[in-house]
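Reader: Please show me the model. I want to ask what stands behind each label.

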Amino acid sequence: MSLESPESGQETFTHNVEFELNGSPERHCVPTSATVLDLLRNSCGKQGVRASCERSVCGACTVLVDDLPVAACSTFAFDIEGARVETVEGLAAQDGTLSAQQQAFSECGGFQCGFCTSGMLMLTTGLLRQNPQPNREEIRDWISSNTCRCTGYEMILESVERAAELAGAKQQDQASE
Ligand code: FES
Ligand code: FES
């Protein structure tokens, strides 16, 4: 299928994309050139997905695709066909209870301007799914794809360690219920 772009008068090819977003089904028709960033912000209203460098350098746009961190600015929307996508909007519970990651960043002051925070939270979520008890070096390595410019990283490292503690405690509570 193709449409004529009103700006250029040139043909624009489009693509239907079906995927799961924060647990709910989504279906959108997007230009073939659209990125996941375009799709999530413009078609799905997920403004927590931040655009900064748009060149796969800063990590601000990080979302999870099938549990793995992905730079939304540098991934074509058609590539998430059938995938499970998670953004920062899906972290808190329905009643507003913060996730372990959000709670930890808040407790430890893991942000200053906050611009990098949604990407950091998604990175942390992905890390703790793969490695629930990461050491300091593993955390540093994992979050190196996000070039936060404000905090010197120390408080973020502490936040990720605290998130691992809180998530572990939560799992133990659930297991003993
Ligand atoms: S905006 Fe995607 S990596 Fe910087
Ligand atoms: S808190 Fe400002 S970029 Fe990370």
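**Labels and their cut-offs**

Author: The buried residues of helix 3 are covered by elements that include strand 4 (62-65), strand 5 (68-71), strand 6 (84-86), helix 2, helix 4 and helix 5. Contact means heavy atoms within 4.5 Å. Helices (H or I, at least four residues) and strands (E, at least two) are DSSP runs, numbered from the N terminus. This is a predicted model: local features need pLDDT of at least 70, side-chain atom pairs count only at pLDDT 80 or more, and totals for chains, interfaces and linings use all residues. Residues are numbered from 1 along each chain as its sequence is written, chains are lettered from A and ligands numbered from 1 in the order in which they are written, and side-chain values use heavy atoms, with hydrogens and water left out.

Reader: Why is Ser159 called buried?

Author: Buried means under 20% relative accessible area, exposed over 50%, partly exposed in between (1.4 Å probe, protein chains only). Ser159 has 0%, so Ser159 is buried. Ser159 is found in helix 5. Leaving aside neighbours within four places in sequence, Ser159 is in contact with Ala104, Phe105, Cys108 and Gly110.

Reader: What makes helix 3 mostly covered?

Author: Of its 14 residues, 12 are buried. Among them are Thr117, Gly119, Met122 and Leu128.

Reader: How do you know that the span of helix 5 is close to the one expected?

Author: The expected span is 1.5 Å times one less than the number of residues. Helix 5 (residues 154-176) has 23 residues, and 33 Å is expected. From first C-alpha to last, helix 5 reaches 34 Å.

Reader: Why are Phe76 and Phe78 called a stacked pair?

Author: Rings of Phe, Tyr and Trp (its six-membered ring) pair if their centres lie within 6.5 Å; planes under 30 degrees apart count as stacked, over 60 as edge-to-face and the rest as tilted. The count comes to 1 aromatic pair. Phe76 and Phe78 lie 5.1 Å centre to centre, with 10° between the planes, and the pair is stacked. Phe76 has 39% relative accessible area, so Phe76 is partly exposed. Phe78, at 29%, also counts as partly exposed.

Reader: What makes phi of Glu54 worth a remark?

Author: Most residues other than glycine have a negative phi. Phi of Glu54 is near 55°, a positive value. Glu54 sits in the loop between helix 1 (36-43) and strand 4. Its relative accessibility is 49%, so Glu54 counts as partly exposed.
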